[in-house]
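Subject: A structure to look through

Dear colleague,

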Amino acid sequence: MIRAGIVGGAGYIGGELLRMLLGHPEVEVVAATSTRLSGRRVDGTHPNLRGLTDLSYVAPEQLPECDVLFFTASSLDDPAGRAGLAARGKVVFDLSADLRLKDPALYRRHYGREHPVPELLAEAVSGLPELHREHLRTADLVSVPGCMASASILALNPLAAADLIESRVTVDGRVGSSGSGASAGEMNLHSERSNVLRVFAPLGHRHQAEISQATGLDARMTATGVDAVRGVQVVVRATARPGVTEAAIRAAYRTAYAREPFVRVIAQKRGNYRFPEPKLLLGSNYCDVGFAYDAASRELLVIGALDNLVKGGAGNAVQSMNIRMGWDERTALGFPGLHPI
C-alpha cells in the first residue's frame with residue numbers, strides 16, 4: 001500500500017479523488033487538507049462517502065509524508081508554501097492550471113502575470129495518458145490538463161497526428177456548473193445558473209492554449225456554461241485537407257484508440273446516442289469522441305465528451321498514478337456510468 005495525501009480535499013475534485021482512492025486496492029489515503037474545515041470529517045462535505053471513511057481534514061501544515069500527493073487548486077500565490085507541501089510527497093499530481101502551459105510567455109498572456117516558478121513548467125509531465133503514457137512511467141511531477149482541453153485534445157489529436165486537417169480549428173466548449181468548483185460565486189447560484197446557456201468566455205479561453213500546445217493546431221475557443229451539474233461536451237469545427245475521405249478519418253481514430261481503455265469512438269448512423277453525450281459518462285473515466293463529415297465541402301465536425309470531474313480531472317490523475325506506479329491503469333476506474341439517468 002502506498003500513502004496518498006490530497007491538498008485541498010474539500011472541493012469537488014478532492015471529493016472525486018477521495019471516492020476513487022478509498023476504493024483503490026493499492027492506496028491508503030492518509031490525509032486530506034482544508035484550512036477552513038480542519039478537524040471536521042470529510043464525509044460532511046462529501047456525503048456520498050458516508051460509511052467509507054472516518055477521515056477528518058487536517059490543516060496543510062499537518063500534512064504527513066506521502067508517497068503520492070495531489071494538489072487540487074492553485075498554489076502559486078505562495079510558492080514557498082507550495083514547495084514545502086510538495087516536498088512531503090515523492091510523486092506530485094497537480095490538478096490546478098498552474099503547470100499546464102510549458103511556455104512562460106503563454107502563461108503570462110493567459111493568466112495575466114509572470115509565472116513565479118518557471119523551472120517547474122519544464123519539469124512537469126502532462127497527465128493525459130493517451131498522449132504521454134511513456135513519460136508518465138517515470139514522472140515525479142504531473143500536471144493534469146483542463147477538462148475541456150482534455151476532451152478537445154483527445155478528439156483532435158488523431159486527426160492532427162495523421163495530418164488530415166488544416167491548422168485552424170474552432171472549439172465550442174460546453175460545461176456544467178461543477179466546472180466552476182465548490183466555492184464558485186454568485187454566477188453559480190441556482191437562481192442565476194438554472195435554465196441558462198451562458199457564454200462566459202466568448203474568445204481566448206485559456207484552454208485553447210493547452211489544445212494548441214498538445215496538438216500543434218491553431219485552436220480558437222469559446223466556452224459556454226450549460227444547465228447541468230457535471231459534464232463537458234466540445235464541438236470542434238475543422239477543415240479536412242483535400243482528398244481526405246470519411247474512411248481515412250475513421251481509420252485515424254480507430255488506429256489511435258484501438259488499445260486505449262478509456263477512449264471510445266462514437267460516430268454512428270442511427271440511434272438516440274449517435275455522437276458523444278456527456279450524460280452517459282457521468283462518474284466514469286471515459287472520453288467519447290466522434291465526428292461528422294461532409295466530403296464535398298471538406299467540413300468536419302469533431303465531438304468530444306467526458307465527465308469534467310473524472311476524465312477531465314481526478315480520473316486522469318488516478319489513471320496517471322496507476323501508470324506511474326506500474327499498476328493496471330484501469331484500477332479503481334471501472335465505473336461505466338449509468339443509463340438511464
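Predicted model: local features only at pLDDT ≥ 70, side-chain atom pairs only at ≥ 80, totals over all residues.

The secondary structure of the protein chain comes to ten helices and 13 strands. The radius of gyration is 20 Å, close to the 20 Å that the globule rule gives for 341 residues, so the chain is as compact as a globular protein of that length. Taken along the principal axes, the box filled by the C-alpha atoms is roughly 65 × 45 × 40 Å. Of the 341 residues, 52% count as buried, and the chain exposes about 15,100 Å², of which carbon and sulfur atoms supply 50%. If you consider the contacts between residues at least 6 apart in sequence, you will find that 70% of them join residues at least 24 apart.

In which order do the strands of the open sheet lie? Seven strands form this sheet, with mixed pairing, and their order is β8-β9-β7-β10-β13-β12-β11. The edges are taken by β8 (197–201) and β11 (263–265), and because each has a single partner strand, one side of each is left without a neighbour in the sheet. On average, and with direction ignored, neighbouring strands of the sheet are turned by 20 degrees against each other. Within the sheet, β12 (residues 287–294) and β13 (residues 299–306) run antiparallel and are joined by eight bridges; as one example to find on the screen, Ala 292 has Leu 301 in β13 as its bridge partner.

Helix α8 (residues 207–215) packs on this sheet, where it touches β7 (168–175) and β9 (218–226), and its direction makes about 140 degrees with that of β9. The buried residues of α8 are His 207, Gln 208, Ala 209, Glu 210, Ile 211 and Thr 215, and what covers them includes α3 (104–111), α6 (147–161), β7 and β9. After the helix comes Gly 216, whose phi is positive, near 80 degrees.

Is Glu 210 buried or exposed? With a relative accessible area of 4%, Glu 210 is buried, and its side chain reaches the backbone nitrogen of Gly 146 at 3.1 Å. Not counting residues up to four places away in sequence, Glu 210 touches Arg 100, Leu 101, Pro 145, Gly 146, Ala 149 and Ile 153.

Back in the sheet, Phe 291 has its place in strand β12, and it is buried, with a relative accessible area of 3%. Leaving aside neighbours within four places in sequence, the residues in contact with Phe 291 include Glu 246, Ile 249, Arg 250, Tyr 253, Phe 275 and Leu 301.

Finally, please turn to Gln 62, which is found in the loop between β2 (27–33) and β3 (66–71). Gln 62 is partly exposed, with a relative accessible area of 49%, and it touches Ser 38 and Arg 88 when residues up to four places away in sequence are not counted. Although Gln 62 and Ala 31 are 31 residues apart along the chain, their C-alpha atoms are separated by 8.8 Å.

Key. Residues numbered from 1 in each chain as written. Heavy atoms only, no water. Pairing = 2+ DSSP bridges. Helix = DSSP H or I, 4+ residues; strand = E, 2+ residues; numbered from the N terminus. Axes fitted to C-alpha atoms, helices over the stretch in contact; angles between N-to-C directions. Contact = heavy atoms within 4.5 Å. Rg over C-alpha atoms; globule rule 2.2 N^0.38 Å. Buried < 20%, exposed > 50% of the residue type's maximum accessible area, 1.4 Å probe, protein only. Areas by Shrake-Rupley, 256 points an atom, 1.4 Å probe, with all protein chains shown as cover. Polar contact = N/O pair within 3.5 Å; in protein donor to acceptor, adjacent residues only side chain to side chain.
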